[in-house]
Amino acid sequence: MINLKNKNIIITGASGGIGKSIVKKLSEFEANILATGTKIEKLEDLKSKIKNVEILSFDISQSEKIEEFIENATKQLEGKLDCIVNNAGLTQDNLAIRMSLDEWHKVINV
């Protein structure tokens, strides 16, 4: 196993179920985690329960704010990033064949 102790890792989509599980597992390996997502209450709950987690609210679908996110994340990680786990996603409760073109673009552009 690779040693993750003190490695800085960003996890997108950390406020959802899969993201939360990834955060928990990587924290067991003593990684420093920057958990991002859209649900600030769930991110705050993660931070309160796991000592090596910092949080940053961000909606990855807002592409015009990515540069701002990078600046903020860089500050929180003190300029060092070892890994990104891109777990963010968007759910459209519909079959792909029944989606409008606009719905489909939202899904594929996240």
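The model is predicted. The protein chain has 4 helices and 4 strands, which run β-α-β-α-β-α-β-α from the N terminus on. Of its 110 residues, 28% are buried.

**Aromatic pair**

- A pair of aromatic rings is described by the distance of the centres and the angle of the planes.
- The count for this structure comes to 1 aromatic pair.
- The pair consists of Phe 58 and Phe 69, with ring centres 4.3 Å apart and 15 degrees between the planes.
- Planes under 30 degrees apart count as stacked, and the pair of Phe 58 and Phe 69 is stacked.
- Phe 58 sits in the loop between strand 3 (53–57) and helix 3 (66–76), while Phe 69 belongs to helix 3, so the contact ties together parts that are 11 residues apart in sequence.
- Both Phe 58 and Phe 69 are buried.

**Salt bridges**

- Side chains of opposite charge can pair when their charged atoms come close.
- Lys 49 bridges to Asp 45, with the closest N and O atoms 3.2 Å apart.
- Both Lys 49 and Asp 45 are in helix 2 (residues 40–49), where a spacing of 4 residues amounts to about one turn of the helix.
- Lys 49 is exposed, at 61% relative accessibility, whereas Asp 45 is partly exposed, at 29%.
- Glu 54 pairs with Lys 47, and the closest N and O atoms of this salt bridge are 3.1 Å apart.
- Glu 54 has a relative accessible area of 36% and is partly exposed; Lys 47, at 37% relative accessibility, is also partly exposed.
- A salt bridge also joins Asp 82 to Lys 80, where the closest N and O atoms lie 3.2 Å apart.
- Asp 82 is partly exposed at 36% relative accessibility, and Lys 80 is partly exposed at 41%.

**Positive surface patch**

- Lys 20, Lys 24, Lys 39 and Lys 42 form a positive surface patch.
- One of these residues, Lys 24, lies in helix 1 (residues 17–28).
- Lys 24 has a relative accessible area of 40%, so it counts as partly exposed.

**Positive phi angles**

- Most residues other than glycine have a negative phi, and most peptide bonds are trans.
- Asn 6 is not a glycine, yet its phi is positive, near 65 degrees.
- Asn 6 is placed in the segment before strand 1 (8–12).
- With 47% relative accessibility, Asn 6 is partly exposed.
- Glu 78, also not a glycine, has a positive phi of about 55 degrees.
- The loop between helix 3 and strand 4 (83–86) holds Glu 78.
- Glu 78 is exposed, with 73% relative accessibility.

Technical notes:
Residues are numbered from 1 along each chain as its sequence is written. This is a predicted model: local features need pLDDT of at least 70, side-chain atom pairs count only at pLDDT 80 or more; totals for chains, interfaces and linings use all residues. Side-chain values use heavy atoms; hydrogens and water are left out. Rings of Phe, Tyr and Trp (its six-membered ring) pair if their centres lie within 6.5 Å; planes under 30 degrees apart count as stacked, over 60 as edge-to-face and the rest as tilted. Helices (H or I, at least four residues) and strands (E, at least two) are DSSP runs, numbered from the N terminus. Buried means under 20% relative accessible area, exposed over 50%, partly exposed in between (1.4 Å probe, protein chains only). Patches are made of residues with over 30% relative accessible area and no salt bridge: like charges are joined within 9 Å, nonpolar side chains (Val, Leu, Ile, Met, Phe, Trp, Tyr) within 5 Å. Accessible areas come from the Shrake-Rupley method with a 1.4 Å probe; for residues, only the protein chains shown count as cover. A salt bridge is a side-chain nitrogen of Lys or Arg within 4 Å of a carboxyl oxygen of Asp or Glu. Lys and Arg count as positive and Asp and Glu as negative; His and the chain ends are not counted. The place of a charge is taken as NZ of Lys, CZ of Arg, CG of Asp or CD of Glu.
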